[in-house]
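Visitor: I would like to learn how to read the features of a model such as this one, going step by step from pairing to packing. Could you take me through it?

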Amino acid sequence: MKVTLSVIKADVGGYVGHSSMHPEIVDIAKESLSLAKTGGKLIDYDVLHCGDDLDLIMTHTMGEEAGEIHKLAWDTFVKCTEKAKELKLYGAGQDLLSDAFSGNVKGLGPGVAEMEFEERRSDPVIIFMADKTSPGAWNFPLYKMFGDPFNTAGLVIDPHMHDGFLFNVLDVYENKIVTFSLPEELYDALVFIGAMEHYIIKSIVRKSDNEIAAVSSTQKLNFLAGKYVGKDDPVLIVRAQSGFPAVGEVLEPFTFPHLVAGWMRGSHMGPFMPVTFKTANPSRFDGPPRVIAAGYQIAEGKLIGPRDMFDDPSFDNARAMANDMADYMRRHGSFEPHRLPLEDMEYTTLPEVKKKLEGRFKTNE
Ligand code: F6R
Ligand code: MG
Ligand code: MG
């Protein structure tokens, strides 16, 4: 059967500050999706959170970008926002009201990753959900999973993967998509995807049969006065096994906590820390950036799971390394590369300070 997996997320209010999610919000979302399941709109659902971001995971048969499903998510976020307002949670509903459908790019707002596929005999998927970073954070792990034979042994020894994968990359400044065929265009691809705040991997398909392998959320990559402000706490769906990377190959890249943009005020670089569902509450300097991994087996559209995939001591070293890196980066204070380049910061006082100092800049003769 053909099933659609839709992951739609939004920040509807933080508890406390931007650090986490109030349990009542999760309950309201579950109730809303449960009604939709009873009514036949959804086959199945799950609700998780990473930090202050609420993730609605839904299966159905309506295909990608189905109005009914998006409206269900929107209405669910609105219900959650009502409660968030009552509890005066931090930033309650701000994203929804001022941002989501208005084209205003300030704040976060809903993000979407969806894929429709023919369910295999057994179909394992991993859904990654992040907080305090941007979709560019997926470039490094996606390259490792689908492009690096030192990470994914299957690229070398599985006949079904040996032809490689196609990487669809979005230029967020030009709003254009370019496709790279790996492995033969690997060097060309790396020129671009290494610049992860500019070129973002949107999706990956298997070259031999065009089967969808991975999809990231890139909806909120917008500009305000020519400035990209897309640090919207992204999600990523990856299919695993039988001609895709094995579950362990999908998770392996996260043993290295690479540096990503989005820590404190969306204006700092920090290590991407893989954590359990329970510890996805970024509280130190509003971070460091987090990622959780929810594993499911899809069975006739039903979500069998989740398994908390980073709840494994084999990720302890990555977490320890991330903490050491966080100490190291924090000691840079306002200096780059901890702080982002001036043009990439979400918060800035530059125009005002520059104006104040007008006239004091003298030509260097
Ligand atoms: C939110 C985030 C936070 C905030 C910071 C300041 O996702 O990254 O670091 O930017 O807490 O928030 P305000 O300006 O709302 O006080
Ligand atoms: Mg928030
Ligand atoms: Mg967030």
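Guide: Let us begin with pairing: two strands are said to pair if DSSP finds at least two bridges between them. In this predicted model, strand β1 (residues 2–10) and β3 are antiparallel and are joined by seven bridges, and one residue of this part, V7, stands opposite I57 in β3.

Visitor: Which strand, besides that one, pairs with β3, and over how many bridges?

Guide: Strand β2 (residues 44–50) pairs with β3 over seven bridges, again in the antiparallel sense. Y45 stands opposite M58 of β3, while C50 has D53 as its bridge partner in that strand. The two strands form a hairpin with two residues between them, and in the turn G51 has a positive phi of about 60 degrees.

Visitor: What is the order of the strands in the sheet, and which of them stand at the edges?

Guide: The sheet is an open one of four strands, paired antiparallel in the order β2-β3-β1-β4. Because β2 and β4 (111–118) each have a single partner strand, they stand at the edges, and one side of each is left without a neighbour in the sheet. From one strand to the next, the twist averages 15 degrees.

Visitor: How many residues of β3 are buried?

Guide: Here a cut-off is needed, since buried means under 20% relative accessible area. By that criterion eight of the eight residues of β3 (residues 53–60) are buried. Both faces of the strand are covered, with D53, D55, I57 and T59 on one side and L54, L56, M58 and H60 on the other.

Visitor: Which helices lie across these strands, and at what angles do they run?

Guide: Helix α1 lies across β2 and β3, running at about 165 degrees to β2, whereas α2 lies across β1, β3 and β4 and runs at about 150 degrees to β3.

Visitor: Turning to the nonpolar cores, which residues have the most contacts inside the largest of them?

Guide: The largest nonpolar core has 47 residues, and F128 and F146 are those with the most contacts inside it. Helix α4 (residues 139–147) contributes the largest share of this core, four residues. Leaving aside residues up to four places away in sequence, F146 touches L155, F165, F167, I204, A213, A214, V238 and P245. Apart from this core lies another, of 28 residues, which includes V125, V205, I212 and I298.

Conventions. Residues are numbered from 1 along each chain as its sequence is written. Chains are lettered from A and ligands numbered from 1 in the order in which they are written. This is a predicted model: local features need pLDDT of at least 70, side-chain atom pairs count only at pLDDT 80 or more; totals for chains, interfaces and linings use all residues. Side-chain values use heavy atoms; hydrogens and water are left out. A nonpolar core is a set of buried Ala, Val, Leu, Ile, Met, Phe, Trp, Tyr and Cys residues joined through side-chain atoms within 4.5 Å. Buried means under 20% relative accessible area, exposed over 50%, partly exposed in between (1.4 Å probe, protein chains only). Contact means heavy atoms within 4.5 Å. Axes are lines fitted to C-alpha atoms, for helices over the stretch in contact, and angles run from 0 to 180 degrees between N-to-C directions.
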